Amino acid sequence: MKRFVIILMALALGLSVSAQRGRYSKGRKPVRTTQRVAPRPVTTIKTCPDDNHPHAIDLGLPSGTKWACCNVGASKPTAYGNYYAWGETSPKANYDFDTYKWSKSSYFYTKYCTDSESGWNGFTDGKEVLDLEDDAADANWGGEWRMPDYDDFEELIEHTTNKWVKNFNGAGVKGYLFTSKNSKQIFIPAAGICQDTLYGVGSEGDYWTSSLFTDGPSNACNLSFSSYDMNVEHGVWCRNRYDGLTVRPVHR
């Protein structure tokens, strides 16, 4: 009788331990009841499988356009990359009208000119979109990439959730994070603007489109953002073509 009681006590203890370890159902792993596992931290960039950038990121946009994970001249999403005047394909030391490739004396233009009063000796060509040979993305990354146009940036903003980030991935870099409905993301850093000096780094970002401002050849359209505002700038907010801005390509 004493031995029988000991066996019953042992069985009861075993059932108690089993209950603490988890419930079982046929064909399933145990469901924890007394121990909770902390959720894994969410990876901010969910689209780059390795460190060999750039990658084309499919944000599920209506047009099917895929965006690059980093800027032209950058080796990772948090790097600023190079600065380019609109229609130029190489960075330089100074960004002003005198050093601009498509300028001629006293603020006249020799390409991408829709106004004879702004063209050298009355020159016009009616071009409102960059030729591929003047596209910084195509020239530096090859024919699979191009600079976004005005509509590309508008689509990106309209079909993603975007927010200002102060410390992206712990790298200490500020900028905008765009998250799509399919949970894919791109981060665009606040790289500032380059003229006679570099300014606005960490407080604003300005990214060229391939689109000339339609009301005059002196400016080109760009995405512009800061911690308090973001839009595809058009009109008075378009940048001078000779300013040095960063480029975030799209995939063809």
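Reader: Which residues point one way from β12, and which the other way?
Author: In this predicted model, Asn219, Cys221, Leu223 and Phe225 point one way from β12, while Ala220, Asn222, Ser224 and Ser226 point the other way, and all of them are buried.

Reader: OK, and which strands does β12 pair with?
Author: Strand β11, residues 204-212, pairs with β12 in the antiparallel sense over six bridges, and the two form a hairpin with six residues between them. Within that pairing, Leu223 is the bridge partner of Tyr207. Strand β14, residues 239-240, also runs antiparallel to β12 and is joined to it by two bridges, with Asn219 standing opposite Asn240.

Reader: What does Asp206 form a salt bridge with?
Author: Its partner is Arg239, and the closest N and O atoms are 3.5 Å apart. Because Asp206 lies in strand β11 and Arg239 in strand β14, the pair ties together parts that are 33 residues apart in sequence.

Reader: And is Asp206 itself buried or exposed?
Author: Asp206 is buried, since its relative accessible area is 0%.

Reader: Switching topic, how many salt bridges are there in the whole structure?
Author: A search of the whole structure finds nine. One of them links Arg252 with Asp138, where the closest N and O atoms are 3.2 Å apart. Arg252 lies in the segment after β15 and Asp138 in helix α2, so this pair ties together parts that are 114 residues apart in sequence.

Reader: How exposed are Arg252 and Asp138?
Author: Arg252 counts as partly exposed at 44% relative accessibility, whereas Asp138, at 18%, counts as buried.

Technical notes:
Residues are numbered from 1 along each chain as its sequence is written. This is a predicted model: local features need pLDDT of at least 70, side-chain atom pairs count only at pLDDT 80 or more; totals for chains, interfaces and linings use all residues. Side-chain values use heavy atoms; hydrogens and water are left out. Buried means under 20% relative accessible area, exposed over 50%, partly exposed in between (1.4 Å probe, protein chains only). Helices (H or I, at least four residues) and strands (E, at least two) are DSSP runs, numbered from the N terminus. Two strands pair if DSSP finds at least two bridges between them. A salt bridge is a side-chain nitrogen of Lys or Arg within 4 Å of a carboxyl oxygen of Asp or Glu.
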